[in-house]
Amino acid sequence: EVYPDDGGPPEVMAVGWEPIDYDRMYRVATKVSDLTNGQSEPFTEYFTKHPEALPAKGKYVNIHAELMGYFARNLWRKLWEQIGPPRPEGGDRSEVDAVCSLDCDPEERLERLDYDNDGVVSTDDIHKALKGVLRLSVDDKEKSLAEFIHNFADTSGSGHVTIEDFQIFCNEMDELYEQDKWRLSWPRAARAFTPMTDQEEEQNANSDSDVKVEAS
């Protein structure tokens, strides 16, 4: 946003670091109430004149579900990387292209996530993997994220992530990576879903310890 010198309302000059294309249609995420409450003068003016253009009740996108779905897809990819063949020495963890070229063994990958050895991957298995494989801090009583990941991985909607699902991902993961190449341009976003190495985890723990000592 650029704020004019005359104190007028700010103007959006770029989207995604690219200059505004005035001949292009953009999708904007906002609360429905903000379309008419004066938060944005152009929105308020337009939707006051055209109330029929407002989305009908029940047609809204649940932003919580959208974000959880986004996190779920990214974390499933990170799990997929971690349970696959080891990366070559000196490989950059953020370069997912290297992962796509590695051999894919669906049975071995399923086995690494099947904590209770029942032949399928459950929500509980994924919840354990978030901590055991990705080393994330998880609450044992809160499994919403694991449920979203499980729903994404359950390609057939059977309620279980089976060997057939893993075979599908073996065949299609290259395409999924290709579609999401854009996230490599955002190091902080990619880093947010990159598990820490043992050395990084130790450094982080020492840093936290130092902060606690200073605070006391």
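I looked up R135 and found it in the loop between α5 and α6 (144-153); helices here are DSSP runs of H or I with at least four residues, strands are runs of E with at least two, and both are numbered from the N terminus. R135 has a positive phi of about 60 degrees although it is not a glycine. I noted R135 as partly exposed, because its relative accessible area is 32%; buried means under 20%, exposed over 50%, and partly exposed in between, with a 1.4 Å probe and protein chains only.

Before going on I recorded the basis: this is a predicted model, local features need pLDDT of at least 70, side-chain atom pairs count only at pLDDT 80 or more, and totals for chains, interfaces and linings use all residues. Residues are numbered from 1 along each chain as its sequence is written, and side-chain values use heavy atoms, with hydrogens and water left out.

I then checked N117, which sits in the loop between α4 (106-113) and α5 (123-132). Its phi is near 55 degrees, again a positive value in a residue other than glycine. N117 is exposed, because its relative accessible area is 66%.

For the overall layout I read off nine helices and two strands. Along the sequence the pattern is β-β-α-α-α-α-α-α-α-α-α. Of the 216 residues in the chain, 25% are buried. I also noted that, among contacts between residues at least 6 apart in sequence, 53% join residues at least 24 apart; contact means heavy atoms within 4.5 Å.

Next I took the pair α2 (residues 63-82) and α6. Their axes come within 8 Å and cross at roughly 70 degrees; the axes are lines fitted to C-alpha atoms, for helices over the stretch in contact, and angles run from 0 to 180 degrees between N-to-C directions. The crossing of α2 past α6 is right-handed, meaning that the near helix is turned clockwise from the far one by less than a right angle.

On the α2 side I listed A65, M68, G69, F71, A72, R73, L75 and W76, and on the α6 side S144, L145, F148, I149, F152 and A153. The residues of this contact divide into 11 nonpolar, two polar and one charged; Ala, Val, Leu, Ile, Met, Phe, Trp, Tyr, Cys and Pro count as nonpolar, Asp, Glu, Lys and Arg as charged, and the others, Gly among them, as polar.

Staying on α2, I looked at L79. L79 is buried, because its relative accessible area is 0%. Not counting residues up to four places away in sequence, L79 touches L113, I126, A129, V133 and L134. L79 and L113 are 34 residues apart in sequence and 9.0 Å apart in space, C-alpha to C-alpha.

I then asked which residues of α5 are buried. They are D125, I126, H127, A129 and L130. What covers them includes α2, α4 and α6.

Last, I checked T44 in helix α1 (residues 41-49). T44 counts as buried, because its relative accessibility is 17%. Leaving aside neighbours within four places in sequence, T44 is in contact with L35, T36, N37, G38 and Q39.
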